[in-house]
Amino acid sequence: MSNEAALHGHSEVAHSHEVHHGDDHGHHHKETFITKYVFSQDHKMIAKQFLITGMIWAILGGLMSVLFRLQLGYPDQSFPWLEDILGRWAKGGHISAENYYALVTMHGTVLVFFVLTGGLSGTFANFLIPLQIGARDMASPMMNMLSYWFFFGGSVVMLSSLFIQTGPFSGGWTAYPPLSALGSASPGSKTGMDLWIIAMAMFVISSLLGGLNYVSTVLNMRTKGMSMTKMPLTMWALFFTAVLGILSFPVLLSGFVLLLFDRHAGTSFYLSDIYITGVGALPNEGGSAILYQHLFWFLGHPEVYIILLPAMGIASEVLSVNSRKPIFGYMAMVGSMFAITILAFLVWAHHMFVTGLNPFLGSVFVLLTLLIAVPSAIKVFNWLTTIWKANIRFTPGMMFAIGFVSLFISGGLTGIFLGNSTLDIHLHDTYFVIAHFHIVMGVSAFFGMFAGVYHWFPKMYGRFMNNTMAYIHFWVTLIGAYLIFWPMHYEGLAGMPRRYWDYSIWESFKQFSELNKFISTVAIIVFAAQLMFVFNFFYSIFKGRKVTVQNPWGATTLEWTAPIRPGHGNWPGEIPEVHRWAYDYSKDGRDFIPQTEPVGADESKHH
Amino acid sequence: MEMVSAQRQKVHPHKFTLWIAIGSIIMMFAGLTSAYIVKGSLPGWSTVEMPKIFFYSTGVMLLSSFTVQFALKSFKERKMNLYRRLLTLTAVLGILFIVLQVMGFEQLTASGVFLSGSTGAGQFLYVIFGLHAVHVLGGAVALLVMFFKAFSRKFRNYNAVPVEVISTYWHFVDVLWLYLFIFFLIKR
């Protein structure tokens, strides 16, 4: 199987003596609007589809957070305009409790799955894998296309659940039973939950189709000379991400299957001894809600790294390119990502310390959880050493990559608190947890994504994004993110629980009303800055400064050897051959040496 | 394809993708069977008597693995008539397997094991065997596609990769069934 065959469609390749020419690529498909922009099988177009769908979801998900932050910051005020926009969701200008929970749930689901999984690894795995390993396209472009359309279908179903009579699911993004298993538990648990499961099932299928493709492409379709250890770290990161997804999403799917049976076939996998007011005692016996939590978090924890690893890979690449220095400790970076991949499967119960988990078992999970600090710290120190004494180019991508490291450190440190089962007795389900995971996997993954978008935008659209807007975007987002989430640590330590609708009626949490107002105000400002990013993105697609050189950042990797606007097939002629690793910067008196250049006889060795 | 041998001695990407997909499916059933183990240790657990008919379906499944293997062999030896016959036989055995599974479910229901109500091995058995049957059905559909391709007069198809992919998948659902069946026999 060759790269050429992958591109040409091969299920009907009848014979082996069909001769493949390497140099007829620019013109082999007669492309219509539909095949080029809609049902495209070109990995670059699919990446853009994932990115733009992800951006739409990010705007919606962010808007949801603005809405519920209005409620949290200003619980005693009414906003009549909210009723004008949202109708029954905000009767009398107040987000009602039921809809508040729906908003929180949807915000979590959308951001975790549809933006930071689909939007992040969907975009960059699709865009970068073939370009950086030197392949014409994915191992199966058809499956790749299906992956996007399942994602799109899931998105449509999830979106439609916002508009139904009983509202979307409102029991939290983790969808714990019994709230998720019993239609009579709440309005959102009725049709909204069914749509949620259908959308998530389609999302899982999309991730699996995509992940299979990514793994098989990275392992099988690298160009000549591109051994695994010559790959840029983005490739390693996206590869491990795909492996995590392939192994953990099916378990979530089996959890959902059991949930569906509990909802509609009357089984009792998760249900036992339940009494509902107005309905009475339920016949279900012997089920265990904890079982769902095990199945959910067996995905749920790897999911954190599915979100984080691509951001780590992007940051590594962007930091190295803009520091004009080789990445520090390449093999240590790969090794630590591998360690994270393994450990990701062994720590899920730290989400369940207070569910009545055996304390001895809990201490095992504490140990395994804290072990993750080791590879994480290795990565952080390597990033810092990479930019240490470097001749840094502060491009917008670089700013966001540095911001990513900053956020990863501050979010990671609070993880050490939460990983302790004893501290968790006090901290679980408080704003401390909210602050921790929003910084370490929410905002920092977004920073990785922004770094990637700013860095590879010239490759995607042949134009640059506007720098002024990019710098404003960076500073507002970075400062804003810290101003939003740092105070939440404080609230959490004081015991303020998450998922409450109105804190002003609690004597213990009244003191935070001004702080909550402040957080909400900053959240609105930061959201506005994201809208500016979206404007910058679309404006630059059409009006941005044009890229005139093939390799604007002076990077070593293969994607910059392709034409400025590569066609389907990426390289018009032969796929370039690779002779060296991806990080030969500032070597032997040269600014950078592309991967395609053969190693000279008198060249010094790296490391 | 000659290009494969000329290029690199590597697994064909489609076969490779299948192996990863198999890993993924294994994780799904590992999740379900470990849920079974967790639940089996809780109070109020009830076991079921395995209906005899599932032993017959095991036989059918094993037999179909042989037929698909011989189909692949005859394809590679270009014995196209034999290949078509064996392919058809495999698909029929696959459908027969699913029919036997449904009959097994009916026997279970007749003996008072229901899907609804209190939990127990029976509920897991329905769900897990049902999901396995869905995977067999997927394989049978793929076999049908191969079947029509084999009888097509337009294409003379000598590419063995699709046949290898389907036979590997078929062996996999066979082994998966053996695992599930033995698992349910041992873990009551």
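Predicted model: local features only at pLDDT ≥ 70, side-chain atom pairs only at ≥ 80, totals over all residues.
Let's start with helix 5 of chain A, which covers residues 97-133. With 37 residues at 1.5 Å each, helix 5 should span 54 Å, and its end C-alpha atoms sit 50 Å apart, which agrees. Helix 5 does have a kink of about 35 degrees, centred on A:Leu111. Is this helix enclosed or open? Of its 37 residues, 34 are buried, so helix 5 is largely enclosed by the rest of the structure. Just past its end, A:Gly134 takes a positive phi of about 80 degrees.

Now for the cavities. Searching the whole structure turns up five of 30 Å³ or more. The largest cavity holds about 1000 Å³ of space. It is lined by 46 residues, and those closest to its centre include A:Leu111, along with A:His107, A:Ser65, A:His438 and A:Phe485. By class, the lining has 34 nonpolar, nine polar and three charged residues.

The second largest cavity is about 180 Å³. Its lining has 19 residues, with A:Thr117, A:Ser121, A:Ser207, A:Gly211 and A:Tyr214 nearest the centre. Which helix gives the largest share of this lining? That is helix 7 of chain A, with seven residues. Here we find eight nonpolar, eleven polar and no charged residues.

Note on methods
Residues numbered from 1 in each chain as written. Chains lettered and ligands numbered in written order. Heavy atoms only, no water. Helix = DSSP H or I, 4+ residues; strand = E, 2+ residues; numbered from the N terminus. Expected span 1.5 Å × (residues − 1). Bend = angle between axes of the 7 residues up to and from the residue. Buried < 20%, exposed > 50% of the residue type's maximum accessible area, 1.4 Å probe, protein only. 1 Å grid on protein atoms, 1.4 Å probe; cavity = no way out; pocket = protein on both sides within 12 Å on 5 of 7 lines; lining within 4 Å. Points joined across faces, edges and corners; volume = space filled by probe spheres on them. Nonpolar A, V, L, I, M, F, W, Y, C, P; charged D, E, K, R; others polar.
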